[in-house]
Each structure stands twice: as C-alpha cells, then as structure tokens.
Amino acid sequence: MCGILGLLLHDPAVDAATEICEGLSLLQHRGQDACGIVTCGPKGRLYQCKANGMVRDVFDDKAIAKLIGGMGVGHVRYPTAGSSNHAEAQPFYVNSPYGIVLAHNGNLIDSASLLQFMDATAHRHINTSSDSELLLNIFADNLQQTGKFRINEEDIFTAIGGLMKQCRGAYACVAMIAGFGIIAFRDPNGIRPVGMASRRANAGKDWLFASESIVADAGGFSDWQDVKPGEAVIITRSGVSRRIVGEPATFAPDIFEYVYFARPDSVLNGVSVYRSRMAMGDALAEEVRKVLSEENITVDVVIPVPDTSRVAALNLAQKLQLPYREGFIKNRYVGRTFIMPGQQMRRKNVRKKLNAMALEFADKNVLLVDDSIVRGTTSKEIIQMAKDVGAKKVIVASCAPPIRYSNVYGIDMPSRLELVAHGRRTEEIADAIGADLIIFQKLTDLIASVRQFNPNIETFDCSVFTGEYVTGGVDEAYLASVESLRADHVKSKVLGGGSRESEGKGTNGINGYHGNEPVVTVNRADDTVGLHNTWNIS
C-alpha cells in the first residue's frame with residue numbers, strides 16, 4: 001500500500017514541490033518506508049529527490065528548494081513487492097521515450113511474464129525488483145511504438161489501453177511526461193483508489209491527483225472525483241482529457257481501505273470512510289450483544305485500540321449503552337506498526353507505541369475493539385498489557401472478519417502461515433492471542449456497512465477473508481511463490497543486511513530473474529540510474 005500524488009499548477013513559474021511535500025505528509029499513513037518527489041521545470045528538465053525515510057526526514061528546505069518546476073509527482077512507499085532498498089523509492093523515471101515519471105500504488109500478479117516480455121521483446125532493462133518500475137517500462141514501451149517525435153493525448157490513451165491488456169493486478173498510478181502534463185489511470189477493477197480535484201488559480205486552474213480526498217481538502221481543491229476503473233485522465237495546461245481505455249470488468253475496490261488504511265476524513269469511491277466505520281461499529285454491536293448473551297458474560301467498559309478503531313468503538317459502546325474509555329495512551333512519534341517491515345520490529349514497537357492506564361482496566365471485564373486482527377502480534381501484546389494492569393477478562397471485538405488468506409494486491413499480508421486466523425477456529429484464535437473471548441464482524445455486515453453509502457458498488461475485493469481474487473490468475477502455485485519470497489522471515493534476511501549477491505546465488509533466470517519474482521541486481525555505482533538525486537546533498 002502506498003500513497004501517490006500528482007500536481008500541475010496553472011502558473012509554471014510557481015514551484016509545486018512545497019505543496020507536493022505537504023500532500024505527501026497527509027498520505028504518510030499509507031507508507032513510512034520511503035518517499036520521493038520528481039518535478040518538471042523549464043525546457044522539460046526533471047528534478048528528483050527520494051530516499052528511505054519519512055516525509056519530514058527526507059524533505060527539508062534545502063531539498064525542496066532544488067525541486068524546480070510547476071508540476072510534479074510524489075510518492076510514499078510501503079513495500080510489498082521488491083525490497084526496502086533505497087533504489088526502489090518512487091517515483092521511477094525512464095528517459096526514453098519523452099522522459100516519463102511514474103508513481104504506483106498496488107501490485108501486479110503477472111510480473112514473471114511481463115519481465116520475460118521486457119527482456120526478450122522490448123529489450124528494456126529493469127534495474128530493481130519493484131513491479132512499479134516494470135509498470136513504467138510497459139507504459140514507456142507502448143508509447144515508443146508510436147515512433148513519433150511529439151505525442152498527443154490519443155497516443156497516451158492508446159498506450160495505457162495497451163498496458164491494461166498486458167498487466168493484471170491492482171494499480172492506481174500517477175505519471176508525468178516531461179514538458180507535457182500529468183496523467184492518472186486505474187486498473188479495470190478499481191481495486192486501489194485515486195481521484196482528482198481542481199482549484200481556481202488566476203485565469204486558469206490548478207489540478208491534483210491523489211490517493212485520498214484529504215489532500216484536496218487541505219490544499220483548497222474542490223470537485224473531488226474518483227478516477228473510474230479502467231479510466232485514464234490526462235491533464236495539461238491546455239485542458240483535461242478523460243477516457244475509459246480498459247476492458248469492462250467488475251468494479252471491486254478493496255474493502256480493507258475502509259477498515260484500516262484510509263484516513264477517516266477521506267472519501268473513497270463516493271463513501272465517507274468515517275461514516276463507514278460508524279456503521280461497522282453499529283453492526284458489530286449486534287454481534288457482540290448476541291455472543292455475550294450466549295456466553296453469559298458482562299462487560300464493564302469498551303476501550304478502542306488506537307487509532308483506527310476509535311470511531312467504530314464509540315458507536316458500538318453507544319449502541320450497547322456501555323461506558324467508552326480511552327485506556328491506551330498512544331505515543332504519536334511511533335509509526336503504524338502494521339506497515340512496519342518484520343514481525344520482530346512490530347512486536348518491539350507495540351509497547352513503545354501504547355501504554356495501558358491501570359485506572360481503566362483494574363478489576364474490570366474489558367471489551368477491546370480493534371479494526372482487524374492480521375498477524376496477531378499487536379493484539380497479543382495489547383491483551384497482555386491489559387492483563388498486566390489488572391483486567392479480569394479481556395474480550396476482543398474485531399471490525400473485520402478473520403483474515404485467513406494472502407493479499408496479492410498491495411497489502412503486506414503475503415504469507416498465510418503468518419496470519420493468526422489461517423487454519424484456526426475462532427476459539428483457537430482467542431487462545432493464540434491470549435484473549436478470553438474473540439468476536440468477529442460478519443463479512444455480510446462489513447460489506448453492508450460500506451455499500452449502504454454507495455449502492456453502485458456491487459462488490460468489493462474481500463480476498464483476505466474469502467480467498468477469492470477478483471482479477472483471476474491467482475492459484476496455489478502463485479500464492480506459494482509469493483509466500484516463499486515475501487514472508488517476514490525472508491524479508492528479515494534482506495533487512496538484516498543479507499547481500500544482494502547471495503540473493504541471486506545459483507539463478508539462471510533472465511537478467512537475474514528467477515521464478516515469479518525478480519532478484520535485485522542494483523547498479524551499485526548509482527542507485528538512481530538516469531536521473532540525479534538531490535537527497536542529502538548540501
């Protein structure tokens with residue numbers, strides 16, 4: 001899961017970098033691993049700054065001052081495919097044809113065949129293991145087929161239409177062509193979000209693309225619209241062009257955006273995230289009431305696990321007429337533990353992030369409300385913290401159903417064996433995390449909680465709950481290959497300093513690629529091949 005942003009200012013003499021940086025800060029919850037900005041200045045010159053780290057750490061005044069130009073693309077990264085190598089920070093750039101920059105949120109499921117095509121047919125070198133670089137080069141290769149000295153909107157629509165026939169998976173992208181304009185497109189299933197908005201600026205308009213509407217709200221933009229599934233939008237200083245270029249497919253946005261990822265003050269696909277979480281709390285309250293009655297258990301207090309579950313927990317408490325209390329105090333200087341790489345790091349940071357107040361737990365039966373239970377790492381630590389300060393019983397209520405299957409569309413749930421609910425019954429999940437009782441939201445209730453605010457969404461991607469993948473093309477062999485390469489114990493070897501050479505040892509694949517996933521073959525002389533990186537240069 002990542003955050004993407006594109007900005008085109010009507011006045012090319014005004015630099016866009018400061019505003020892009022502010023927008024990325026508002027999307028920081030979508031990725032804490034790396035961030036980057038590329039801007040386009042006079043005569044199509046591109047300026048880049050990207051690195052591992054949070055937005056506040058990478059972009060100081062000196063870094064922003066070097067990013068010249070009235071349009072640009074930004075990205076915050078949370079890695080699922082590829083590694084955390086700084087060369088994989090986005091946006092990616094390719095110089096031929098025309099100078100193209102791309103930022104991508106999502107995950108491709110047909111990388112192996114696309115890499116074969118890149119090597120054998122397109123003769124394009126892919127320098128990292130990121131499928132975002134692969135997506136950029138598919139787009140660039142399609143544009144190159146025009147053979148034109150100068151391209152137009154029709155050429156771009158044709159290139160993106162071709163890309164959508166070639167690529168399978170989830171992708172919301174913002175791109176920029178040097179000296180031309182900014183572009184956004186979304187996969188035909190609309191799994192990942194991206195929208196657009198405008199703002200009056202003297203005699204014209206400024207234009208914004210972003211993953212979430214909060215960026216538009218904060219920047220004074222209005223008329224927020226979602227980019228439609230299979231749609232491409234091209235914005236230049238001359239105008240806006242929109243076209244559906246993908247083949248018709250089932251619109252199925254990822255429901256986990258509403259459960260956890262998106263900010264509550266955002267609107268995605270016409271649905272207020274805040275209102276959907278209120279509805280989740282109302283629906284969960286009925287299930288909690290039923291189960292507590294069956295188990296003959298009384299609850300003294302409802303306490304949310306900060307922050308995402310607060311909205312649902314408050315509604316649940318009101319519906320059950322139970323006291324709502326803030327029992328955990330959060331250290332706001334520790335990032336989101338779910339999107340931290342590695343189980344050990346997540347476990348270590350839970351107690352740094354949260355502190356339990358004995359006053360709210362001592363001698364009470366406590367109902368903890370969480371947005372979801374994925375690996376169980378956070379839940380187990382939190383439950384133990386509650387018991388350590390005197391809770392008699394800890395009952396856990398999850399706004400989401402049990403997560404039993406891998407996510408292959410850009411969320412870091414790669415290995416089924418790492419999911420606490422995989423292969424376990426509800427009682428066994430409770431035992432695994434140390435809860436006295438666990439209550440899960442029903443999938444039908446979760447879907448209804450979101451869909452009631454936009455009945456035009458006929459279905460959602462619920463693959464993490466059902467194991468059914470809307471794009472097709474995901475079989476047991478594919479899942480096994482993903483798990484073998486992206487599980488936490490594999491990532492920890494890379495994060496722990498395992499050499500790139502050892503990763504590629506014994507491979508006979510094309511250009512160092514083996515199996516379904518590429519092996520990193522970073523050019524050590526220059527990790528940002530093709531475009532000067534101004535990060536950390538005084």
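Angles between axes under 35 degrees count as roughly parallel, over 145 as roughly antiparallel, 65 to 115 as roughly perpendicular and the rest as oblique; the axes are lines fitted to C-alpha atoms, for helices over the stretch in contact, with angles running from 0 to 180 degrees between N-to-C directions. The model is predicted, with local features needing pLDDT of at least 70 and side-chain atom pairs counting only at pLDDT 80 or more, whereas totals for chains, interfaces and linings use all residues. Residues are numbered from 1 along each chain as its sequence is written, and side-chain values use heavy atoms, with hydrogens and water left out.

The protein has 19 helices and 23 strands, taken as DSSP runs (helices H or I, at least four residues; strands E, at least two) numbered from the N terminus. Of its 538 residues, 59% count as buried, that is, under 20% relative accessible area with a 1.4 Å probe, protein chains only.

The axes of helix 9 and helix 10 come within 7 Å and cross at roughly 45 degrees, and the two helices are therefore oblique to each other. The residues in contact (heavy atoms within 4.5 Å) include Y274 and R277 of helix 9 and V311 and K319 of helix 10.

| Helix | Residues |
|---|---|
| Helix 9 | residues 273-295 |
| Helix 10 | residues 310-320 |

Elsewhere, W224 lies in strand 11, which spans residues 222-226.

Technical notes:
Buried < 20%, exposed > 50% of the residue type's maximum accessible area, 1.4 Å probe, protein only.
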